[in-house]
Amino acid sequence: MECVFGMVGKGFALVVADSSAVNSILVHKSNEDKIMVLDSHKLMGASGEAGDRAQFTEYVQKNVALYQYRNNIPLTTKAAANFMRGELATALRKNPYMVNIVLAGYDKETGPSLYFIDYIATLHKVDKAAFGYGSYFALSMMDRHYHADMTVDEAIKLADQCIEEIRSRLVVAPQNFVIKIVDQDGAREHSWRRTTKD
Amino acid sequence: MARYDRAITVFSPDGHLFQVEYALEAVRKGNAAVGVRGTDTVVLGVEKKSTVKLQDSRSVRKIVSLDDHIALACAGLKADARVLINKARIECQSHRLTVEDPVTVEYITRYIAGLQQKYTQSGGVRPFGLSTLIVGFDPYSGVPALYQTDPSGTFSAWKANATGRNSNSMREFLEKNYKETSGQETVKLAIRALLEVVESGGKNIEVAVMTKEGLRQLDEAEIDAIVAEIEAEKAAAEAAKKGPAAKET
């Protein structure tokens, strides 16, 4: 079962996602990158219906890029989150996107931020967020160990503890995870946590 | 000929579309713009009318990005340009979304030219009053390209071209002086062409350089420096010409 979670630290935000692409009982691949780099300083971890996930995230990414060319200035994380929520809300009563998103961004003026956006267009600005069956374990772990202004090392350690919980307690736990980080230097891949090759 | 120039959809007996030709007139009155293609660089230069004191010059960008690897400069009606540029930017992103590839320079030029042509064959509309110079690097081949479109909707690729005011003088200069250049030499060639028709100085010229890495707008100080270099070279060439003659007296 898919799992995406994230947290805010001191001057950065972290997003972790599993990398399994599953269809019923078959694992298509275990190195699927579900955390899209939206622009230089935004990360979007998405889980849900595979087709919707790709369609919606790519659509958002291209619209964020278009905004930047039109206005010569990038969207703030808050603006991007609200744009996404608006698109999900508009489609909801016609042809809903079954995608859950954790949006992490870094803005020069406001620092790091994290947004929880679920498939029925709920939008919350949060310090920690999680989706999927893994969220039961990840949120509990984060509730216990998270504190404001964590360093990167502390946050990675907490992410690892969450991954460990998910791996050991979930009956169909995902094999591999990818961790991406965004801070003032931009959004980038941080590391992988693998139990299987590819 | 007055009867055949009211509507765009009417040919004149000798095969002219007068509205399109009048649109070309509008282009000829627009600011001078030049584009030069080098082996690893493409340069765009545009004349800046510096008379308005109270205007915030940062809000008047004459060379715009359509995508990371494509830039556009134009001569003619700037309001028409805004509409075309907006549509082109949407098309760049739409292309990326549907085929997961950035546009080639030729593709987006063909798209813009197609739009301009559509408005020469519809009822109740007038043509776009601008010619564009489009530069960029093709995404995988990395080949630099320079294209020009005009109000009739024709387009073609160029090694160097000019449009707008005094474009004939600039084109003549380029035809005489064009050679394959790269890097800073391409920038100098473009500025030299522009200086043929524009008052010299960084205040009056806007220059942007497109390389594989992306678009870079040159700031006033940089342009002034290059202009100074060009003037020094010109003076040296003059002196060399006069030199042997002076020895004879």
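A pocket is an open set of grid points at which a 1.4 Å probe fits, with protein on both sides within 12 Å along at least five of seven lines. The exercises below concern a predicted model.

**Exercise 1. Determine how much space lies in the second largest pocket and which residues line it nearest its centre.**

Solution. 
Step 1. The space in the second largest pocket comes to about 570 Å³.
Step 2. Its lining consists of 19 residues, and those nearest the centre are K48(B), K49(B), S57(B), V60(B) and K203(B).
Step 3. Assigning the lining to secondary structure, one finds that β9 (205-211) and α6 (220-248) of chain B each contribute at least two residues.
Step 4. Sorted by class, this lining holds nine charged, five polar and five nonpolar residues.

**Exercise 2. Describe the largest pocket by its volume, its lining and the elements that supply the lining.**

Solution. 
Step 1. The volume of the largest pocket is about 810 Å³.
Step 2. Of the 27 residues that line this pocket, N72(A), R61(B), V64(B), S65(B) and R89(B) lie nearest its centre.
Step 3. At least two lining residues come from each of α1 (50-71) of chain A and β3, α2 and β10 (214-217) of chain B.
Step 4. The greatest contribution is that of α2(B), with six residues.
Step 5. By class, the lining comprises ten nonpolar, nine charged and eight polar residues.

**Exercise 3. Characterise the interface of chain B and chain A by its contacts and its buried area.**

Solution. 
Step 1. With contact taken as heavy atoms within 4.5 Å, eleven residues of chain B touch seven residues of chain A.
Step 2. The size of an interface is often expressed as the accessible area lost when the parts come together. Here the two chains bury about 920 Å² between them, and 56% of this lies on carbon and sulfur atoms.
Step 3. On the chain B side, R89(B), Q93(B) and L97(B) account for 58% of the area buried against chain A, more than any other three residues.

**Exercise 4. State which polar interactions join chain B and chain A, and which elements of chain B form its side of the interface.**

Solution. 
Step 1. Four residue pairs, both members at pLDDT 80 or more, are in polar contact between the chains.
Step 2. On chain B, the elements giving two or more residues to the side that touches chain A are β3 (63-67) and α2 (78-99).
Step 3. Of the elements on this side, α2(B) gives the most, with six residues.
Step 4. The side of chain B that touches chain A has five charged, three polar and three nonpolar residues.

Notes:
Residues numbered from 1 in each chain as written. Chains lettered and ligands numbered in written order. Predicted model: local features only at pLDDT ≥ 70, side-chain atom pairs only at ≥ 80, totals over all residues. Heavy atoms only, no water. Buried area = accessible area lost by both parts, 1.4 Å probe. Salt bridge = Lys/Arg side-chain N within 4 Å of Asp/Glu carboxyl O. Polar contact = N/O pair within 3.5 Å; in protein donor to acceptor, adjacent residues only side chain to side chain. Helix = DSSP H or I, 4+ residues; strand = E, 2+ residues; numbered from the N terminus. Nonpolar A, V, L, I, M, F, W, Y, C, P; charged D, E, K, R; others polar. 1 Å grid on protein atoms, 1.4 Å probe; cavity = no way out; pocket = protein on both sides within 12 Å on 5 of 7 lines; lining within 4 Å. Points joined across faces, edges and corners; volume = space filled by probe spheres on them.
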